Amino acid sequence: MSNKQFKVVITEAEPPYNDIKSIANVYQNPNPGTLPRDIFLKESKDADGILCLLRDKIDKEFLDNAKHLKVISTLSVGYDHIDLDECKKRGIKVGNTPDVLTAATAELAVSLTLAVSRRLIEAADAARNGEWKIWTPFWMTGNGIQNSIIGILGLGRIGGTVAKLLEPFAPENIIYHNRKPKNESKYEYVSFEDLLKKSDYLIVCVDVSTINGILFDYNAFKKMKKSATFVNISRGSIVNHDDLYKALSEGEIGAAGLDVTNPEPFPTNHPLFTLKNCVILPHIGSATISTREAMIKLSESNLINGLTGKPIVGPIQ
Ligand code: DGY
């Protein structure tokens, strides 16, 4: 009989999480991929803590079932998969992994913006497929950042870093929209309407837990400049992807870069995949080795600290 005090469920098979195993009886998903819901529910029935991922839905049904739960640690900065109100009611602590992924995710946002605006994927494909004939003045021309208006939806940790990284490219202006203006920001605060209308690059970095429903539908895309580039590194749930396809194919906006979609994985038969002016990445914002290592470390310490009464990093401490 083990004398370990806690029971923990870890939904991801990969990281060993040895520190948790030294203080808790651990059920860790033995297989790569999502832990099947019925097993997750069964194993969490008597769990004190869980370590989960974006793909695990922590809703009322789950929380009603996991009656002993004290701590939820998620291997992500986003927590839109967790019903925070229900956690609050039950006094469950929720930890996430902010800060450690800010730089990597902002780098990806800038890379994707440049890849779309300078048509990098399309151009590399053309070179590989023998479409590269002779140098002509306008072949594979795109738009630059210099003298453009960068619009950021969600000037938080990641959005602010994206703005800072783009400054040396000499845009004409960097504007942003948040629920309210940031006193300390040097960038220009505008309404959501103006962000749509004025941006040459609209980069969505917003924390979706502050948003209900879809922000980007056909109507919103129609308000944007016909040359505008739409980039989303936040969550796909705030975009109507059929409307995005319509807007791109009708020329209502110029191009799009998506690191996040709804659903994920994005169906390969979605018409957005047929468009050359749309680049879709498989949610790799935080995918650098050192970032993922730091996220794993923080998610592990959040769980251990939460169980042992020490401070954790997260929306409910
Ligand atoms: C997060 O952490 O929320 C990102 O979307 C994935 O790293």
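Two strands count as paired if DSSP finds at least two bridges between them. Helices (H or I, at least four residues) and strands (E, at least two) are DSSP runs, numbered from the N terminus. The views below show a predicted model, in which local features need pLDDT of at least 70 and side-chain atom pairs count only at pLDDT 80 or more, while totals for chains, interfaces and linings use all residues. Residues are numbered from 1 along each chain as its sequence is written.

**View 1. The five-stranded sheet.** Five strands make an open sheet with parallel pairing, ordered E2-E1-E3-E4-E5. Strand E2 (24-28) and strand E5 (93-95) are at the edges with a single partner strand each, so one side of each has no neighbour in the sheet. From one strand to the next the twist averages 15 degrees; axes are lines fitted to C-alpha atoms, for helices over the stretch in contact, and angles run from 0 to 180 degrees between N-to-C directions. Strand E1 (residues 6-10) and strand E3 (residues 49-52) run parallel and are joined by three bridges. Ile10 is opposite Leu51 in E3. Helix H11 (residues 289-307) packs on this sheet, touching E1, E3, strand E4 (71-74) and E5, at about 170 degrees to E4. Contact here requires C-beta atoms, placed from the backbone, within 7 Å.

**View 2. The seven-stranded sheet.** An open sheet of seven strands, also with parallel pairing, has the order E8-E7-E6-E9-E10-E11-E12. Its edge strands, E8 (188-189) and E12 (278-280), each pair on one side only. Three bridges link E12 to the parallel strand E11 (residues 255-258), and Gly257 stands opposite Val279 in E12. Helix H5 (residues 102-117) lies across strand E9 (201-204), strand E10 (229-232), E11 and E12, and runs at about 150 degrees to E10.

**View 3. An annotated span.** An unreviewed UniProt entry places "domain: D-isomer specific 2-hydroxyacid dehydrogenase NAD-binding" at residues 111-285; such annotations may be inferred rather than shown by experiment, and their positions follow the numbering used here, with feature names shortened. The end C-alpha atoms of residues 111-285 lie 10 Å apart, and the span is 27% helix and 15% strand.

Definitions and conventions:
Contact = placed C-beta atoms within 7 Å.
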